[in-house]
Amino acid sequence: MEKWFRRLRQFRDRSPLSFRILAYILLFSSLFTLVTSATQIYTDFRNDVSLVDERMSVIETSYSSSLARSLWALDQKLLEVQMEGILSLPDIVHLDLTIYPDSRVRMGDLSTANATRSSTIELVHQTESESYELGELTITASMDAIYQDLQQKIVVILATQFLKTFFVSILIIWIFQHFVTRHLQTMAEFARRFSIHNRNEPLRLDRADTASNRRDELSQVVDAFNHMRERLEEDVQKQELDAAKIRKLSKAVEQSPSSVLICDRNWRIEFCNQKFCQISGHEPDAIHGKHPELITADSMSPRDNNQLWENIRLQVRRVGVWQGEIQSTRTNGERFWQQVVVTPIYEDDGPATHYLILGEDISIRKRYEQQLLRQANYDILTGLPNRMLALDRLKLALAQAQREGTLVAVLFLDLDNFKHINDTMGHEAGDNLLIEAARRISSCLRGTSTVARLGGDEFLVILPGIKDASATEQVGERILNTFSSPIQISGQEIFVSTSIGIALYPDDSDASGNLLQYADAAMYQAKSQGKSAYQRFRPEMKAISYERLQMESNLRRALELDELELHYQPVVRTSDGLMAGAEALLRWRNAELGMVGPDRFIPLAEETGLIIPIGAWVIRQACLEARRWQQLTGQPFFIAVNVSPRQFRDPGFVDLVNEALQEAGLPAGQLELEITERLILDDSIEASDTLRRLDELGVRLSVDDFGTGYSALSYLKSYPFDTLKIDKTFIGDVMIEEDDAALVRAIITMAHSLGLEVIAEGVEDESQTHFLQDHGCDFSQGYFYCRPIVADEFVEWIQTNTRAAGQSAT
């Protein structure tokens with residue numbers, strides 16, 4: 001028993017909740033068992049008593065009449081038999097028959113009965129006319145058997161109910177322990193272990209993960225624990241993040257690239273970071289408690305300094321922020337510029353408790369702004385005003401002239417042959433030439449005049465406040481004269497002239513834009529009349545200017561409208577007249593302008609940069625046509641294409657050539673690119689690299705118009721050329737001028753000695769062909785063989801030439 005009690009105490013200590021539940025279950029189950037058992041026992045007892053009463057009622061019903069008859073008949077023996085029959089019935093232990101008036105008969109024994117129950121029966125004899133009371137029978141039944149049965153039932157029921165209640169309670173406790181208590185212990189253990197350090201470990205219960213388990217109260221508690229853990233994790237992370245932010249903010253303020261000052265509500269400095277000390281030279285202890293106006297005290301007068309900080313205080317109070325540029329002074333006396341922002345610091349929506357002053361050293365930016373301002377208004381190369389500043393000055397001059405009733409002259413200048421010099425001698429030489437030209441033009445003007453560079457080799461001169469138009473012509477003469485002397489560029493003397501167009505306000509126009517346009521038109525008129533001259537604008541020049549603008553506009557749309565076309569002129573072998581290739585010549589057929597000659601639109605395309613897309617189209621189209629001819633005739637012809645200097649210098653030129661060959665399926669050796677002689681004189685790395693890459697690609701390279709420029713003999717060895725083309729100006733007079741004939745013979749001999757083939761262009765009669773044959777010229781080209789024709793006609797010419805060659809061979 002003691003052992004059992006010890007285990008009970010252990011169970012109580014280990015699971016007090018289960019123990020209490022067990023106690024309550026036993027208590028209430030016992031009470032319930034007692035009540036239900038008592039009810040059941042009482043019901044059974046009452047049923048047994050009822051049986052006795054019912055039995056006595058049956059005796060009264062069954063025996064009263066027969067007993068009365070026996071008494072009436074005084075049949076004692078029958079009466080005894082009847083009484084013994086009654087006494088033999090269950091539970092009947094005693095009969096007491098009273099016979100009126102004074103007789104009495106007793107049967108049975110009452111001494112053995114502890115509890116009895118009695119019933120009296122009146123014995124009455126009934127006749128037709130009268131009834132007689134004969135006596136009465138008292139029947140006594142024993143209750144001992146009923147009480148004994150009641151006692152046994154009490155024992156059995158209480159024992160069975162107790163055992164049932166006990167085992168059911170144990171089962172309930174085991175179920176509760178298995179499904180609830182052990183999980184509660186797990187939760188308690190988890191709660192005891194839970195801390196910030198192991199907050200990442202979730203609460204898990206040792207039970208199956210089923211749908212019913214996921215919906216019960218334990219799962220809700222587990223979810224609540226885990227949600228609490230997650231919220232704690234979020235709070236901790238937030239706190240850590242806030243702490244990290246505070247640390248970072250502290251470091252950021254201390255290590256900020258901007259200077260930081262924090263002042264109290266009375267504008268006394270409480271804090272300064274390293275950057276402030278670095279850029280100002282002040283030590284923290286030296287400025288602590290002082291007003292921030294000390295940083296600007298040495299850069300302005302005390303009155304202005306006080307007024308500045310008074311304005312700062314007022315704006316911060318009214319608007320909430322002040323920002324601007326402040327010139328400050330370092331402790332070493334050096335002045336510097338700061339971009340400053342001043343803002344108040346509030347706490348809990350109350351008044352400002354501190355003021356934050358952020359500063360950034362913008363001294364370098366201020367210098368850059370001044371530099372950018374100069375770059376925005378002045379030409380970097382020459383130092384002259386640029387177009388923007390020149391137009392502003394022109395508008396000011398026109399406004400002043402309108403008030404004073406004076407004239408304003410606009411001179412538009414363009415250097416003659418500048419592109420040739422730039423392409424021949426290189427861009428550095430061209431830049432030096434522009435600098436010298438700017439100096440010479442400026443030297444011809446008075447102080448109130450303006451000379452500006454508009455771009456390229458174009459200059460603008462503004463002469464304000466002149467009284468007479470003749471003064472303009474005098475300035476033009478001075479400018480032309482100053483260009484009469486040579487210019488030293490890279491150790492060489494170069495002669496360059498300029499063409500000048502002049503327009504006057506208000507005679508020609510009162511609008512600045514029109515004046516520039518009219519001066520430009522006059523300049524082109526001066527160029528067209530021989531250059532190195534000036535021209536005053538005349539109304540009829542508008543048409544020329546308009547035509548140039550119209551041509552430029554139409555040229556920009558020529559590719560889109562498919563107005564460009566290629567004409568082809570054959571290149572034949574001089575020895576037998578058989579076709580060896582063709583040169584592609586660009587033509588422009590415009591709906592408004594008609595057929596425009598290349599001498600009119602090619603320079604314009606060069607000037608505007610349109611030559612690059614146009615040249616790309618020419619190369620692609622020429623390669624496609626050459627491939628088509630080869631497929632029609634079965635003969636390999638080369639196609640020659642002229643390349644402009646601007647197109648040649650385009651960074652994507654070599655890739656363009658390669659793509660055109662790939663697209664057409666034309667072998668690279670059947671494309672010949674004609675490079676002008678002046679281009680190879682530009683001894684630049686870019687030009688050399690482009691020629692090298694084209695040679696590696698397998699493209700044939702030809703020197704076009706050889707002999708018309710500077711001597712290029714020393715350059716022919718340096719570049720991978722295949723062909724040299726003699727200009728037609730020499731071929732035209734080869735039968736007339738001995739000098740031309742000697743020059744042609746020398747060029748052919750020199751080219752062959754360098755391994756180059758020679759093409760003579762401009763061959764127009766048979767005698768020239770004989771001369772070229774006699775001196776070994778490889779190829780010829782000119783009107784004698786065929787004029788430039790369109791592609792379809794050129795195919796017919798190829799077929800005719802092939803047939804003629806075949807007939808001559810037979």
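# Close-up views of a predicted model

Figure 1. Helix H10, made of residues 363-377, lies across S7, S8 and S9, and runs at about 120° to S8. The model shown in this and the following views is a predicted one. Helix H9, residues 302-318, also lies across S7, S8 and S9, and its direction is at about 160° to S7.

**Figure 2. The open sheet of five strands.** The sheet is open and consists of 5 strands, which follow one another in the order S6-S5-S9-S8-S7 with antiparallel pairing. Its edges are formed by strand S6 (269-272) and strand S7 (322-329), each of which pairs on one side only. From one strand to the next, the twist averages 25°. Within this sheet, strand S8, which covers residues 335-346, is joined by 9 bridges to strand S9, which covers residues 352-361, and the two run antiparallel.

Figure 3. Which residues of H9 are buried? They are Asn 305, Leu 308, Trp 309, Ile 312, Arg 313 and Val 316. These residues cover an arc of only 130° around the axis, and therefore they sit on the same side of H9. The cover over the buried residues of H9 includes S7, S8 and S9. On the other side of the helix, by contrast, Arg 303, Arg 317 and Arg 318 are exposed. After H9 comes Gly 320, which has a positive phi, near 100°.

**Figure 4. His 282 in a loop between two helices.** The loop that holds His 282 lies between helix H7 (274-280) and helix H8 (284-287). Is His 282 buried or exposed? With a relative accessible area of 17%, His 282 is buried, because a residue counts as buried when this value is under 20%. When residues up to four places away in sequence are not counted, His 282 touches Phe 276, Cys 277, Ile 287, Leu 294 and Thr 331.

Figure 5. S10 pairs in the antiparallel sense with strand S12, residues 458-466, over 7 bridges, and Asp 414 has Glu 458 as its bridge partner in S12. S10 also pairs in the antiparallel sense with strand S15, residues 498-505, over 8 bridges, and here Leu 415 stands opposite Thr 498 in S15.

Figure 6. Helix H14 has 13 residues, 470-482, which should span 18 Å at 1.5 Å a residue, and its end C-alpha atoms are 19 Å apart, which agrees. The buried residues in H14 are Thr 472, Val 475, Gly 476, Ile 479, Leu 480 and Thr 482. They cover an arc of only 165° around the axis, which puts them on the same side of H14. These buried residues pack against S10, helix H13 (427-443), S12, S15 and strand S16 (534-536).

Figure 7. Ile 25 has its place in helix H2, which covers residues 16-73. Its relative accessibility is 17%, and Ile 25 therefore counts as buried. Neighbours within four places in sequence being left aside, Ile 25 is in contact with Ser 30, Ser 169, Ile 172 and Ile 173. Ile 25 and Ile 611 are 586 residues apart in sequence, and in space they are 107 Å apart, C-alpha to C-alpha. For orientation, the protein chain is divided into domain 1 (44-155), domain 2 (174-244), domain 3 (256-366), domain 4 (377-537) and domain 5 (553-800). The C-alpha centres of domain 1 and domain 4 lie 163 Å apart.

Definitions and conventions. Residues are numbered from 1 along each chain as its sequence is written. This is a predicted model: local features need pLDDT of at least 70, side-chain atom pairs count only at pLDDT 80 or more; totals for chains, interfaces and linings use all residues. Side-chain values use heavy atoms; hydrogens and water are left out. Two strands pair if DSSP finds at least two bridges between them. Helices (H or I, at least four residues) and strands (E, at least two) are DSSP runs, numbered from the N terminus. Axes are lines fitted to C-alpha atoms, for helices over the stretch in contact, and angles run from 0 to 180 degrees between N-to-C directions. Contact means heavy atoms within 4.5 Å. Domain bounds come from an automatic or database domain assignment. Buried means under 20% relative accessible area, exposed over 50%, partly exposed in between (1.4 Å probe, protein chains only). The arc is that of the directions from the helix axis to the C-beta atoms. The expected span of a helix is 1.5 Å times one less than its number of residues.
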